[in-house]
Amino acid sequence: MSQIIKNSIPFGKPITDNSELLTIRKVIKSGRYVHGNQTEEFEKKFKKFTNAKYAVTVSSCTAAMHLFYLSYGICKGDEVIVPAQTHVSTAHAVELVGAKPVFVDCELKTGNIDIDKIEKKINKKTKVIAVVHFLGIPVDIRKVKKIAKKYNLLILEDCALALGAKIENKHVGLHGDAGVFSFYPVKHITTAEGGMLITKDKKLSEIVKSKKAFGVDKNYNERDLPGQYDVKELGLNYRMSEVHAAIGNQQMLKLKKFLEIRKRNFNFMLKNLKDLKNFLILKNLNKNIISSNYSLCLILNKRLLSKRAKIIKDLKNNGVGTSIYYPKPVPLMKYYKSKYGYRKSLFINASIVSENSITLPVGPHISLKLISCICSVLKEILKKY
C-alpha cells in the first residue's frame, strides 16, 4: 500500500502558540500560581461563551462531577442513572460518594443513553440522572427532563466532549442542574488538565467553590489578614491553578475558530465516506441539535468486525491516528463487573459501539487536504477486506 501521508496525524493534538507561552510567563513572573485573576477571567469567558449564570473552575471534569454529588448530599444508599457507554470517570464520580451507578444501555445511531430505558431503572433510591453527550452529539434532553420532573430527580450533564454543542440554541450543560466540562489536551480547548462546572443555581456554585478549596469560609482574596478564615465544611483540593487558567484564557480566544474547523472537517469527511458500505457513522439526526463534532465514529458491521484491529494497524502504518470510545461499556470493566455482576446481554448496543468502532480525527490540527488523505487511505484499506 502506498503511504500518501508523509507525517503522522495524531488523533488529537492541543493547538497552542506563543500567546499561551507569554501568558504563562506572566503568571510565573508574578509569583502567584493560585487565587489570582487568571481563574476568575477564565470563568468569565466561559460564562459568556456558554451563556451560563455561574461557572466554577476545577482541577478536572471528574472533580466537577464529584463536587456536584457532594454538594447535593448524594451518598451511600442513593442511586444514579449512568449511561453504559461513557468514560469510566462518569461512574467513578458516583462511586466516590458511596452511591451506586445504575447503568443504562445506549442507542446505536448516536451512542447516547437510550432514554426509553431510563424509567425502568428508577426506584425510590434514585436521585440523579447523569447524561453524557457522547462524542459531542447532544442527548435529547427534553425527554430526560420530563422523566426527571416526573420523579423529582436531578440532572447532571457530562459535557466533556461537547463544548460548543447546543440543544435548541441553548448550550449543553444549561438544560439540567449542572454541566461539567473537560480541558484534557485532546479536547476542544485545553488547559493541559482541568475542568469547569456551569449552573444556573447560585447556591450550588457557592457550595462547589467552597468544597473545591478545603471548605474554607473565606478565600485568599477575601481575607484582610493572613489566617483570617475558618473551615465550615469538609472540602477537597480541587482548585485550578493560575498557570492552567492562563492557558485556558488564550484557548477561549481561539475556540470559535476551532469549532468552525471541526465542523468543516467533520462534514467533509462525512461527505467522503457516507456512500461506503459495511459501517454506520454516528451523527446528529436532530435539526434542533448542534454537535460539537469531537470526532467521526465508524461502527463496523459484522463483515468487518474481525478485521478492526488490522484496519486500525493499517491506518497507523499509513500515518492516521485513531481512537476507540470506549474499550468496554463501563459496567463490563473489571471493577464494576466484579462489584455488581453485570452481564454483557444487558448492554448489547454499548458493546457494539465499543467493540465495533473506529474513531477518526477531525480536530483543528488537520487540514481539508489531510482529511481527504485520511479518507483515501481508509478506502484503500477497506478494499483489502
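Modeller: Helix 3 passes helix 6 in a right-handed crossing. Please keep in mind throughout that this is a predicted model.

Biologist: How are helix 3 and helix 6 oriented to each other: roughly parallel or roughly perpendicular?

Modeller: The axes of these two helices come within 10 Å and cross at roughly 115°. Angles of 65 to 115 degrees count as roughly perpendicular. Helix 3 and helix 6 are therefore roughly perpendicular to each other.

Biologist: How do the residues of the contact of helix 3 with helix 6 divide into nonpolar, polar and charged?

Modeller: On the side of helix 3 the contact is made by Leu67, Phe68, Leu70 and Ser71, which meet Leu204, Ile207, Val208 and Lys211 in helix 6. The residues of this contact divide into six nonpolar, one polar and one charged.

Biologist: Why is helix 4 described as largely enclosed by the rest of the structure?

Modeller: The buried residues in helix 4 are Val88, Ser89, Thr90, Ala91, Ala93, Val94 and Glu95. They pack against helix 3, strand 2, strand 3, strand 4, strand 5 and helix 10. Helix 4 is largely enclosed because, of its nine residues, the number buried is seven.

Biologist: Which residue takes a positive phi just after helix 4?

Modeller: Helix 4 covers residues 88–96. Just after it, a positive phi of about 90° is taken by Gly98.

Biologist: How are helix 1 and helix 7 oriented, roughly parallel or roughly antiparallel?

Modeller: Helix 1, residues 18–30, and helix 7, residues 242–273, pack with their axes 9 Å apart and at an angle of about 150°. Angles over 145 degrees count as roughly antiparallel. The two helices are therefore, in relation to each other, roughly antiparallel.

Biologist: Is Leu135, with its positive phi, buried or exposed?

Modeller: Leu135 is not a glycine, yet has a positive phi of about 55°. Its place is in the loop between strand 4 and helix 5. Its relative accessible area is 2%, and under 20% counts as buried, so Leu135 is buried.

Biologist: What is the relative accessible area of Phe214?

Modeller: Phe214 likewise has a positive phi, of about 70°, although it is not a glycine, and its place is in the loop between helix 6 and helix 7. Phe214 is partly exposed, with a relative accessible area of 40%.

Biologist: Which residue does a cis peptide bond join to Tyr326?

Modeller: Most peptide bonds are trans. Tyr326 lies in the loop between helix 9 and helix 10. The cis bond, with omega about 0°, joins Tyr326 to Tyr325.

Technical notes: Residues are numbered from 1 along each chain as its sequence is written. This is a predicted model: local features need pLDDT of at least 70, side-chain atom pairs count only at pLDDT 80 or more; totals for chains, interfaces and linings use all residues. Side-chain values use heavy atoms; hydrogens and water are left out. Axes are lines fitted to C-alpha atoms, for helices over the stretch in contact, and angles run from 0 to 180 degrees between N-to-C directions. Helices (H or I, at least four residues) and strands (E, at least two) are DSSP runs, numbered from the N terminus. Angles under 35 degrees count as roughly parallel, over 145 as roughly antiparallel, 65 to 115 as roughly perpendicular and the rest as oblique. Buried means under 20% relative accessible area, exposed over 50%, partly exposed in between (1.4 Å probe, protein chains only). A crossing is left-handed if the near helix is turned anticlockwise from the far one by less than a right angle, and right-handed if clockwise. Contact means heavy atoms within 4.5 Å. Ala, Val, Leu, Ile, Met, Phe, Trp, Tyr, Cys and Pro count as nonpolar, Asp, Glu, Lys and Arg as charged, and the others, Gly among them, as polar.
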